[in-house]
Amino acid sequence: MRARFPRTPLLAAPGLLASLLAGCGGAAPAAGAPAEPAQPVEVRTAAVERVGFERSVAAAGELLPHERARLATKVPGRVAELLVDRGDEVRRGDVLARLEEREFAVRVRAAEAAVNTARAVLGLPEADGGDELDPEATSAVRLARAELERARAALERSRQLASEGFDSKSVLDTAEADFRTAEARLQEAFELVAARRATLAQRRAELEIARTQLAETRILAPFDGRVEARETATGAYLAVGDGVFEIVRTNPLRLVLEVSERDAGPVRVGQLVRARVAGVAEELSGPIRRLAPALALDSRALLAEVELANPEGRLRAGAFAEGRVVVDPAEPALAVPPEALTSFAGLTKALVVEAGVVRERRLELGRRTAERVEVRAGLAEGERVVLAPGKLAPGSPVKVLD
């Protein structure tokens, strides 16, 4: 048989509940009383503003020497002395190496003697002076002119005597022939002087070549820089064109960047480049100095060159660099302060104030600075966003303090 339990009347339940609440120290709300409205939360806000953001395109490249030169011999010879080695700093015009010069010094003396001989033939003093010469002052021309004057006088006398009947026609013909011969000898004398002057010029050129070859036994630095490599040793015999040193100029350095074909359109000479170089803590910057006239065939990239000062040599040629070319220093865009943003599960949101309550917006963000974050979608200019929203829920009433 099923046991029966006493049933408590339903009407007694409210009284029982009231007794229980009274025993716990609580009071039951009056039936049908309205709920109290939530108190507004005080918040600070900021306006969504249109500000200027720096627009840049990415590029990658490396540091290269500003100049590089392989120094080779222009004359054959044995290396007598090497005055620098790898890593040494050099200045333009410094002597870096010497070849044995005895043979070239002898050639200079021989060429000087040949010049003096040519000057002596022309009647010029042996002292190395100017080569200007009046042909009329040379002995050959003076002698030929004297012969011409003598022949002219003899011809005039013969004509006079022939007109008076004292000389025969044969004597007159001989006088005229002697005169024409003297004229030819004078012309020959002028030509001889011209040939001797040409010989002197040739000897001058040979002397200059000999002196140049003597000077080229010294290997000079073509610019300020450092020795990157030494290719020979003291005592080695070098033929024409054999390498001695490789010199690089490292101040400034060339930062050569590759800008992709997609981003190359707005890149121009003079635009600022910000770069990070491996092993260097601070950011480097400088304007674009040169642009390639065409895209590289292998990489389809535009090559841009930036000059970076390197007075202390802390930057190394060959280092990898990542850069950004600033194509627009102040491109207009919507922005909000960073403290207006909250992120959860990969989504970024902001709360805007509408009619005294907050509404949630999902955002698409772009560029960032320490003071502003670009908003590409989700907000409109002039809207006010809540700063430091914390755990404020959408729909909550708020009181704007600012």
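Which residues does His 66 touch, not counting residues up to four places away in sequence? In this predicted model, the residues in question are Arg 249, Pro 252, Leu 253, Arg 254 and Glu 307. The protein chain that holds them has 402 residues, and its secondary structure comprises four helices and 21 strands.

**The protein chain**
- Of the 402 residues, 32% count as buried.
- The accessible surface of the protein chain comes to about 25,000 Å², and carbon and sulfur atoms account for 53% of that surface.
- When contacts between residues at least 6 apart in sequence are considered, 73% of them join residues at least 24 apart.

**His 66**
- His 66 lies in strand β3, which spans residues 49-72.
- His 66 has a relative accessibility of 15% and therefore counts as buried, since the buried class covers values under 20%.

**Ala 105**
- Ala 105 belongs to helix α2, which spans residues 102-121.
- The relative accessibility of Ala 105 is 23%, so this residue counts as partly exposed; that class lies between the buried limit of 20% and the exposed limit of 50%.
- Ala 105 and Leu 214 are 109 residues apart along the chain, yet their C-alpha atoms are separated by 6.3 Å.

Terms used. Residues are numbered from 1 along each chain as its sequence is written. This is a predicted model: local features need pLDDT of at least 70, side-chain atom pairs count only at pLDDT 80 or more; totals for chains, interfaces and linings use all residues. Side-chain values use heavy atoms; hydrogens and water are left out. Helices (H or I, at least four residues) and strands (E, at least two) are DSSP runs, numbered from the N terminus. Buried means under 20% relative accessible area, exposed over 50%, partly exposed in between (1.4 Å probe, protein chains only). Contact means heavy atoms within 4.5 Å. Accessible areas come from the Shrake-Rupley method with a 1.4 Å probe; for residues, only the protein chains shown count as cover.
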